[in-house]
Amino acid sequence: MKQTDPAIEPAQQTWAAGDFPRMGVELAIVGEQLCESVPVHAGDRVLDVGTASGNTAISAARRRAIVTGVDLVPALLEHARKRAHAEGFEIDFREGNAMALEFADASFDVVMSTFGAIFAPDPYKTSAEMARVCRPGGKIAMANWPADSMLGKLFRLLARYSAPGSRVDAPLEWGDETILTDRLGPYVRDLRVQRWAVRFRALSAERWVEFMRAYFGPAIEAFQHSNSPESQKALADEMEALMLEHNCAQNGTVIGNSEYLEAVGTRRE
């Protein structure tokens, strides 16, 4: 169903820019880990909120779950369908708004999101909707970027170079354990929060910046807004420095280590 809520239009435009699946492949391991932490069982009805190119939905399907994935961007959903088909999975990918999920109450055993639901403009509506469609005793699980991680710092950096009011760094609030507990606490018990890490690889810090500038929506928009050569060079230089700050490679390439917050809770009865 086509989404017409004006509140979500900026996010649709951001994630339709570039080619997110090229970056998203490095995040696939996060969905795998989240499915293990829940854990997802065969036959579970699973909803992946903000599925993008389908990483976490496909991870759940690998565990023999019955999977639905929702996202704002039709092009990303089409990419996810192709990936699922190539692996032989029947996943119900559909256009949807995390703040107004079009499912009945208690439709799913597991509701999860890896770096997806955090971008919805109203976090409290998002929390309430994820909880509403999860059955009592089911699991709600998220992977979120904290502000002190490499990706958290990247979003804060891009926010400084982006259009005023764009709130590029707002999703990082989900990576604050106190705020996360405030948002999910009314709906879940036994909330388990831990840190994991994911790594981003490139031949050099400069090549990583070129890659992100070409394919990552928030970076594309930041460079477009910072349209003077001086401003764009300053942004690129800061991004290179960020990668080098978090680089853990020892062979002349770069591996940017970025921690993330994983949260798994049980839906209250």
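First, the ground rules. The model is predicted, so local features need pLDDT of at least 70 and side-chain atom pairs count only at pLDDT 80 or more, while totals for chains, interfaces and linings use all residues. Residues are numbered from 1 along each chain as its sequence is written, and side-chain values use heavy atoms, with hydrogens and water left out.

Start at helix 1, residues 9–16. Helices here are DSSP runs of H or I with at least four residues, strands are runs of E with at least two, and both are numbered from the N terminus. Helix 1 packs on helix 10, residues 217–225, at an angle of about 95°, and their axes are 7 Å apart. That makes helix 1 roughly perpendicular to helix 10. On terms: axes are lines fitted to C-alpha atoms, for helices over the stretch in contact, and angles run from 0 to 180 degrees between N-to-C directions. Under 35 degrees counts as roughly parallel, over 145 as roughly antiparallel, 65 to 115 as roughly perpendicular, and the rest as oblique.

Who touches whom? Gln-13, Thr-14 and Trp-15 of helix 1 meet Gly-217, Pro-218 and Glu-221 of helix 10. Contact means heavy atoms within 4.5 Å. The residues of this contact divide into 2 nonpolar, 3 polar and 1 charged. Nonpolar covers Ala, Val, Leu, Ile, Met, Phe, Trp, Tyr, Cys and Pro; charged covers Asp, Glu, Lys and Arg; the others, Gly among them, are polar.

Stay with Trp-15. The whole structure has 11 aromatic pairs. In one of them, Trp-15 and Phe-216 sit edge-to-face, 5.6 Å centre to centre, with 65° between the planes. Trp-15 is in helix 1 and Phe-216 is in the loop between helix 9 (205–215) and helix 10, so the pair ties together parts 201 residues apart in sequence. For a pair, ring centres of Phe, Tyr or Trp (its six-membered ring) lie within 6.5 Å; planes under 30 degrees apart are stacked, over 60 edge-to-face, the rest tilted.

Now the largest pocket. It holds about 580 Å³ of space. Its lining has 26 residues, and nearest the centre lie Pro-10, Phe-119, Ser-166, Arg-167 and Val-168. Helix 1 gives the largest share of that lining, 5 residues. By class, the pocket lining divides into 16 nonpolar, 6 polar and 4 charged.

What is a pocket, and what is a cavity? On a 1 Å grid over the protein atoms alone, a cavity is a set of points where a 1.4 Å probe fits but cannot get out; a pocket is an open set with protein on both sides within 12 Å along at least five of seven lines; lining residues have an atom within 4 Å of a point. Points join across faces, edges and corners, and volume is the space filled by probe spheres set on them.

How many cavities of 30 Å³ or more does the structure hold? There are 2. Of its 34 lining residues, Gly-50, Asp-71, Phe-115, Gly-116 and Phe-119 are closest to the centre. That lining divides into 23 nonpolar, 9 polar and 2 charged. The second largest cavity has a volume of about 30 Å³. Its lining includes Pro-21, His-79 and Arg-83.

Last stop: helix 6 (residues 123–132) and helix 8 (residues 177–184) pack at about 55°, axes 9 Å apart. They are therefore oblique to each other.
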